[in-house]
Amino acid sequence: MPAMRSQKTKHVPARTYTVTEVAARCHLSVRALHHYDAIGLLRPSRRSAANYRLYDDQDLLRLQQILIYREFGLSLEAVAQLLDAEPAAREHVLQTQRAALLAQQERLQAMLQMVDANLNAIKEHQTMNPDTLFQGTQTFREGEYAAEAEQRWGKTDAWQESRKRQQRYSADDRARMQAEADANVAEFLTAFRAGQPPDGAVARELARQHREQIERWHYPCPPAMHVQLAEMYVHDARFAAHYDQHQAGLAHYIAAAIRSAAAEAGG
């Protein structure tokens, strides 16, 4: 009987990708990849004999995470901190953002159904069923507290300005607005868990970004008004729960950071 020959595992070299190939795959510019390399965010694992950048599969996986976090609205600095953090921190951010995306998807689907039903009623000259007329509106972004908010602030200039802007926004605008807000909360949470003091430079910068988001998407918000909002974040149980669902104490942390940033700005 002939002797059995031992089977040797054939070594398959890991595939690598040039910077041009990676740029084409992920729809980034070569310049952006060079920048990520320069700041240490994404350094290619290998170099060719001619010293050209070569990326492997693990590099591509890291790049995918970078693109996801950037789409959430995180700064490059925040992305770098997350990638170097414990897996549990990255998982929490992704789970939080996933929940927000699912809620956004539900709202958009409800809106599409209502628009389609309305179009059909117009085309067919039909009267819509009052029992289903407002089906799905519970998922709308302003649904739960819209009436109460209008009653409390409806006559203020800020409310009127916010309503005007909201009417102009497209679905993409609203998605970007929500992504920015979610990203800001995620960065606050990262700072809170890292032990950054609420009156420190990191927290004050996040508070400044928070105020800028309000001004960009809603209404002019000087530091003094921002402080009033911060007080509501901790004294209104619903607002406090919105932040503390991520971690107990986050609402107070954000409010303290806003007060500190306002004091620094002279508000």
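## Lining of the largest cavity

Helix 8 supplies four residues to the lining of the largest cavity, which is the largest share. The structure described here is a predicted model, and it holds one cavity of 30 Å³ or more, with about 50 Å³ of space lying in the largest cavity. Two elements, helix 5 (87-124) and helix 8 (171-193), each give two or more residues to this lining.

The residues that line the largest cavity are His-92, Val-93, Thr-96, Asp-182, Val-185, Ala-186, Leu-189 and His-246. Sorted by class, this lining is made up of four nonpolar, three polar and one charged residues.

## Packing of helix 5 and helix 8

Two packed helices are described by the angle between their axes and the distance between the axes. For helix 5 and helix 8 the angle is about 160 degrees, and the axes lie 11 Å apart. Because angles over 145 degrees count as roughly antiparallel, helix 5 is roughly antiparallel to helix 8. The crossing of these two helices, helix 5 and helix 8, is right-handed.

On the side of helix 5, the contact is made by His-92, Gln-97, Ala-100, Gln-104, Arg-107 and Leu-108, while helix 8 takes part through Ala-171, Ala-175, Gln-178, Asp-182, Ala-183, Ala-186, Leu-189 and Arg-193. By class, the contact between helix 5 and helix 8 has seven nonpolar, four polar and three charged residues.

Note on methods: Residues are numbered from 1 along each chain as its sequence is written. This is a predicted model: local features need pLDDT of at least 70, side-chain atom pairs count only at pLDDT 80 or more; totals for chains, interfaces and linings use all residues. Side-chain values use heavy atoms; hydrogens and water are left out. On a 1 Å grid over the protein atoms alone, a cavity is a set of points where a 1.4 Å probe fits but cannot get out, and a pocket is an open set with protein on both sides within 12 Å along at least five of seven lines; lining residues have an atom within 4 Å of a point. Grid points are joined across faces, edges and corners, and a volume is the space filled by probe spheres set on the points. Ala, Val, Leu, Ile, Met, Phe, Trp, Tyr, Cys and Pro count as nonpolar, Asp, Glu, Lys and Arg as charged, and the others, Gly among them, as polar. Axes are lines fitted to C-alpha atoms, for helices over the stretch in contact, and angles run from 0 to 180 degrees between N-to-C directions. Angles under 35 degrees count as roughly parallel, over 145 as roughly antiparallel, 65 to 115 as roughly perpendicular and the rest as oblique. A crossing is left-handed if the near helix is turned anticlockwise from the far one by less than a right angle, and right-handed if clockwise. Contact means heavy atoms within 4.5 Å.
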